[in-house]
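Please read this briefing beside the sequence and the structure. The points below are grouped by topic.

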Amino acid sequence: MGALPVFRWRLAPDGYATRRQLRAAGLRPGGQDVAAQLERPRRRRGPLVAYLYRIDRAQPVRPMTPARWAALAKANQARRTCPECWRDAGYVIPASLGMCTPCAYPDTSTAA
């Protein structure tokens, strides 16, 4: 396989799409290799690059099964559970804190 065809930003021919564009159309690359790339020039830095896939080789997105929905719900619940107090924080716990806000910043103003 030779070098990839390179197109300027917004000038790709019909029949190519990025991963996001495929997903918006209900498709996925389906194991195909990158078919081309877009380059957007920038000042003082290297160009922005977006990889393109052939739309005619794309496959439909696999439907979510009940087991996949359950696994996703379990993973999201784990992201919401504080490892310090083991309560559901009601939001995804920030990785920068590593715990819920009340555990990270206990209220010390009431101590006299």
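Ala 36 stands opposite Leu 52 in E5. That pair belongs to a predicted model. E4 covers residues 36-42, and E5 covers residues 45-54. Six bridges join E4 to E5, and the two strands run antiparallel.

**The sheet**

- Four strands make up an open sheet, and their order is E1-E4-E5-E2. The pairing in this sheet is mixed.
- Strand E1 (6-8) and E2 stand at the edges. Each has a single partner strand, so one side of each has no neighbour in the sheet.
- E1 pairs with E4 in the parallel sense, over three bridges. Arg 8 stands opposite Glu 39 in E4.
- E2 pairs with E5 in the antiparallel sense, and two bridges join them. Look for Ala 17 here: its bridge partner in E5 is Tyr 53.
- E4 and E5 form a hairpin with two residues between the strands. Arg 44 in this hairpin takes a positive phi near 65°.

- Thr 18 sits in the loop between strand E2 (16-17) and helix H1 (19-24).
- Is Thr 18 buried or exposed? Its relative accessible area is 17%, and buried means under 20%, so Thr 18 counts as buried.
- Which residues does Thr 18 touch, leaving out those up to four places away in sequence? They are Ala 50, Tyr 51, Leu 52 and Tyr 53.
- Two of these names have come up already. Leu 52 stands opposite Ala 36, and Tyr 53 is the bridge partner of Ala 17.

- Ala 25 lies in the loop between H1 and strand E3 (27-28).
- Ala 25 has a relative accessibility of 55%, and exposed means over 50%, so Ala 25 counts as exposed.
- How far apart are Ala 25 and Leu 48 in sequence and in space? They are 23 residues apart in sequence and 23 Å apart in space, C-alpha to C-alpha.

**The aromatic pair**

- How many aromatic pairs does a search of the whole structure find? It finds one.
- The partners are Phe 7 and Tyr 16. Their ring centres are 5.8 Å apart, and the angle between the planes is 50°.
- Why is this pair called tilted? Planes under 30 degrees apart count as stacked and those over 60 as edge-to-face, so the 50° of Phe 7 and Tyr 16 makes the pair tilted.
- Tyr 16 is partly exposed, at 23% relative accessibility.

**Salt bridges**

- The count of salt bridges comes to two.
- Arg 54 counts as partly exposed at 25% relative accessibility, whereas Asp 56 counts as exposed at 57%.
- In another salt bridge, the side chains of Arg 80 and Asp 88 meet at 3.2 Å, N to O.
- Arg 80 is partly exposed at 28% relative accessibility. Asp 88 is partly exposed too, with a relative accessible area of 42%.

**A nonpolar surface patch**

- Which residues form a nonpolar patch on the surface? They are Met 64, Trp 69 and Leu 72. Together they have about 300 Å² of accessible area.
- Met 64 lies in the loop between strand E6 (59-60) and helix H2 (66-80).
- Met 64 has 35% relative accessibility and counts as partly exposed. Patch residues need over 30%, so Met 64 passes that cut-off.

- Arg 10 has a positive phi near 70°, and it is a residue other than glycine.
- Where is Arg 10? Arg 10 lies in the loop between E1 and E2. At 76% relative accessibility, Arg 10 counts as exposed.
- Trp 86 is not a glycine, yet its phi is positive, about 60°.
- Trp 86 lies in the loop between H2 and helix H3 (101-104). Trp 86 counts as exposed, at 65% relative accessibility.

Terms used. Residues numbered from 1 in each chain as written. Predicted model: local features only at pLDDT ≥ 70, side-chain atom pairs only at ≥ 80, totals over all residues. Heavy atoms only, no water. Buried < 20%, exposed > 50% of the residue type's maximum accessible area, 1.4 Å probe, protein only. Contact = heavy atoms within 4.5 Å. Patch = residues over 30% accessible without salt bridge, like charges linked within 9 Å, V, L, I, M, F, W, Y side chains within 5 Å. Areas by Shrake-Rupley, 256 points an atom, 1.4 Å probe, with all protein chains shown as cover. Salt bridge = Lys/Arg side-chain N within 4 Å of Asp/Glu carboxyl O. Pairing = 2+ DSSP bridges. Phe/Tyr/Trp six-rings, centres within 6.5 Å; stacked < 30°, edge-to-face > 60°.
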